[in-house]
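Hi,

Here is the structure I promised to pass on. Have a look at it, and then read my notes below.

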Amino acid sequence: MRGYVKKFPPCRGACPAHVNVQAYVCLIQMGKFREAVEVIRRDLPFPAICGRVCFSPCEDACSRINIDQSVAIRSLKRLVADIEREQGRVAVKPVPKKYDEKVAIIGAGPAGLAAAYELAKLGYPVTVFERMPELGGMMRYCIPDYRLEKFVVKNEIDYILGLGVEVKTGVEFGKDITVDSLKRDGYKAIFIAIGAQLSAKLNIPGEDLEGVIHAVDFLRSLALGKRLNIGETVAVIGGGNTAIDAARTAKRLGAKRVMILYRRSREEMPAHPWEVEMAEKDGVKFYFLVAPKRIIGEGGRVRAVECLRMRLSEPDETGRRRPIPIPFTEHQYEVDMVIPAIGQVVEISCLPPEIIGKNGLIEADPVTLETKIPGVFAGGDAVTGPASIIEAVGAGKRAALSIHRYLRGEAIEEERIEETTWVKDWSLLEKKERRYESPVEKPHLSFEEVRAYLERVQRAARFEAFRCLGCGPCAECLAGVDLCVKDKAIVDESKCVGCNLCVEICPFGAIVKNESGVAQVNEEICKGCGTCAARCPKEAITLENISTDKILSALSNALVVRVV
Amino acid sequence: MSEEDFEPVIVGFLCNWCSYAGADLAGVSRIQYPPNIRVIRVMCSGRVDPVFILEAFKSGADGVLVAGCHLPSDCHYLAGNFKALRRVILLKRVLKEFGIEPERLWLEWISASEGDKFAKVVSEMVKEIKKLGPNPLKRLGGK
């Protein structure tokens, strides 16, 4: 074998959970929507959730971006997941337990559930402990309904539970259970994925007034069904995605004026630009380069926020521009409610002290996710700080692999993955179809029309999927022989004269000559194109499925039905 | 047999990655094209041995279409389409020696998203071959 390294296409390489994007886009091209969902599920248990709220690093990495726009990968994923939900899923069967070692997972957020999913598939008895009454973590409690409906989250979690994952809700880590108590109960490995649940404090006077509620608490109490009196004017402090979510939710709850106060300018906002755009469409006002100095109350309730104007420093060594307050620029905004959204921190009080790092996060190996305590792994927001669902899923998968290797006594090291693209010359691909504009009409239609509409949407999806350049070679969707011809070259050694022509012509370098001078095909690399078969002067190379005989018989079959 | 009655039989060798998917897309999009083509899927246009094309003409095909991925860099096997191009150019010269009009052999590049192009190529080809008339080998009393 000469230097065969497994490489991922850019979309798959960019995804923290390494979802096989090329495979499911390829299946959508063929109209195999159900199979596409199955392929997504191999790497990611949340196709519908990620189809809605993922920040899609795959689309940023897409090679197609060099020609026109990236393939709408996230929308395709959402479509196939929704089609599956509408049509009804094939009932999930519990995976038989292959191993005895019990695994405890603390926190039923995306990281914990992804780890539970992977371990359950491997055949471990898994128990998930969760403090809140419902599973899903931030996905369930902190993403507002207009972005991610609760029934979607429930549907996806039901799939994981269907695999035979045990769940205990209302159990608090550090109080009801600890690392030691779990080990005493016979759990051989523990994965801590508690996330970053606490809001960071502003540390300014007036933060404890009535009407100041931190964004995560605000969203969580709404998800728990509490009614909040939000008043007419709401100020959200911060520039992240949580700030945007809080502002848009406040707007939907009936606030007349919602403003976002951010201490840097628009370019520095950590929120995704499309989120900012959507918030502006909702009528949220943005004030840049202002930072709150104090919150002014009246009778124990918020009346106004006093702010200072800021200016940006020159970029420092790290390239970041720090905000510097301009003195004597105090001004006030009259508000009924203040929602600080300046980040979340990990609740370290419940953790064993030896695994807490310097920066208030859990200290764990970035690749294997091991902590200092043997058998205890940690991942997700609790290790990286507030991040995204897909990164948490990636961490959960890595942890599951590490736990599996730890329990089997293997070396806990990761395979190396190289990112690459196979497309070399962009200018020549410009002729390919541009993005298909989705139909604008809304489905306020009769049944007959809805069916036609859905058919159109599905066709649009196939058009969109066809824009994929297929940067990798075979995407290994493993959909089966009936969908894809899996073929390989077979050398008849008695006929081969060792002329070397096939070795030279093979586009993949799959053929080498062995000691006796006979051509040998490396089955792993061979793609079954048959170029060597056509080249071979002695007809020593044949293919099983697309053999010369089969093509010739297909030829005569085609010509039997003569129209004379 | 008058020109109007003559329905040519065309054998199409379509590569699995681009042209076959393009033909599939033409079907999915319900684009109309003449039913004269008989499609044979091959993994790559580079897989099309000149023998296949000669065999098709020998068995009475009135036209042969070889379709692959666009030049130069769309080929799934990197250079299969160049090999097809090379072979078809050579074969056209050979066909003349056999008394078969080289215009009966077409080589087209059709990508997976070009369902409309596939339909256009087939209808054009049928039109052209109707003008040429039936395969001369058939007229000589061949198969």
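What follows is a short tour, starting with chain B and moving on to chain A.

First, the ground rules. This is a predicted model, in which local features need pLDDT of at least 70 and side-chain atom pairs count only at pLDDT 80 or more, while totals for chains, interfaces and linings use all residues. Residues are numbered from 1 along each chain as its sequence is written, and chains are lettered from A and ligands numbered from 1 in the order in which they are written.

**Chain B**

Chain B has five helices and four strands (helices are DSSP runs of H or I with at least four residues, strands are runs of E with at least two, and both are numbered from the N terminus). Reading from the N terminus, the order is β-α-β-α-β-α-β-α-α.

Of the 143 residues in chain B, 52% are buried. Buried here means 20 or more other C-beta atoms within 10 Å of a residue's own, exposed means 12 or fewer, and partly exposed is in between, with C-beta atoms placed from the backbone. Among the contacts in chain B with a separation of 6 or more, 80% are between residues 24 or more positions apart (a contact means C-beta atoms, placed from the backbone, within 7 Å).

How do helix 1 and helix 4 of chain B pack? Their axes are 7 Å apart, at an angle of about 90 degrees (axes are lines fitted to C-alpha atoms, for helices over the stretch in contact, and angles run from 0 to 180 degrees between N-to-C directions). That makes the two helices roughly perpendicular, a label for 65 to 115 degrees; under 35 counts as roughly parallel, over 145 as roughly antiparallel and the rest as oblique. Ser19(B), Gly22(B), Ala23(B), Leu25(B) and Ala26(B) of helix 1 meet Gly115(B), Lys117(B), Phe118(B) and Ala119(B) of helix 4. By class, this contact has five nonpolar residues, three polar and one charged (Ala, Val, Leu, Ile, Met, Phe, Trp, Tyr, Cys and Pro are nonpolar, Asp, Glu, Lys and Arg charged, and the others, Gly among them, polar).

**Where the chains meet**

On the chain B side, 31 residues are in contact with 32 residues of chain A. Helix 1 (19-28), strand 2 (37-42), helix 2 (50-58) and helix 3 (80-97) of chain B each supply at least two residues of that side. The chain B side has 17 nonpolar, eight polar and six charged residues.

**Chain A**

Helix 6 of chain A covers residues 73-87. Its 15 residues reach 21 Å from first C-alpha to last, close to the 21 Å expected at 1.5 Å a residue (the expected span is 1.5 Å times one less than the number of residues). Its buried residues include Ile73(A), Leu76(A), Lys77(A) and Glu84(A). Just after helix 6, Gly88(A) has a positive phi of about 90 degrees.

Helix 3 (residues 33-43) of chain A packs against helix 6 of chain A at about 110 degrees, with the axes 9 Å apart. This pair is therefore roughly perpendicular. The contact between them has seven nonpolar, no polar and three charged residues.

Some loop residues are worth a look too. Most residues other than glycine have a negative phi. Ser56(A), however, has a positive phi near 40 degrees, and sits in the loop between helix 4 (47-53) and helix 5 (57-61) of chain A. Ser56(A) counts as buried because it has 24 C-beta neighbours inside 10 Å. Glu539(A) also has a positive phi, about 50 degrees, but is exposed, with 10 other C-beta atoms within 10 Å.

Finally, Pro144(A) lies in the loop between helix 8 (138-141) and helix 9 (150-162) of chain A. Leaving aside neighbours within four places in sequence, Pro144(A) is in contact with Leu219(A), Asp245(A) and Thr249(A).

Over to you!

Conventions
Contact = placed C-beta atoms within 7 Å.
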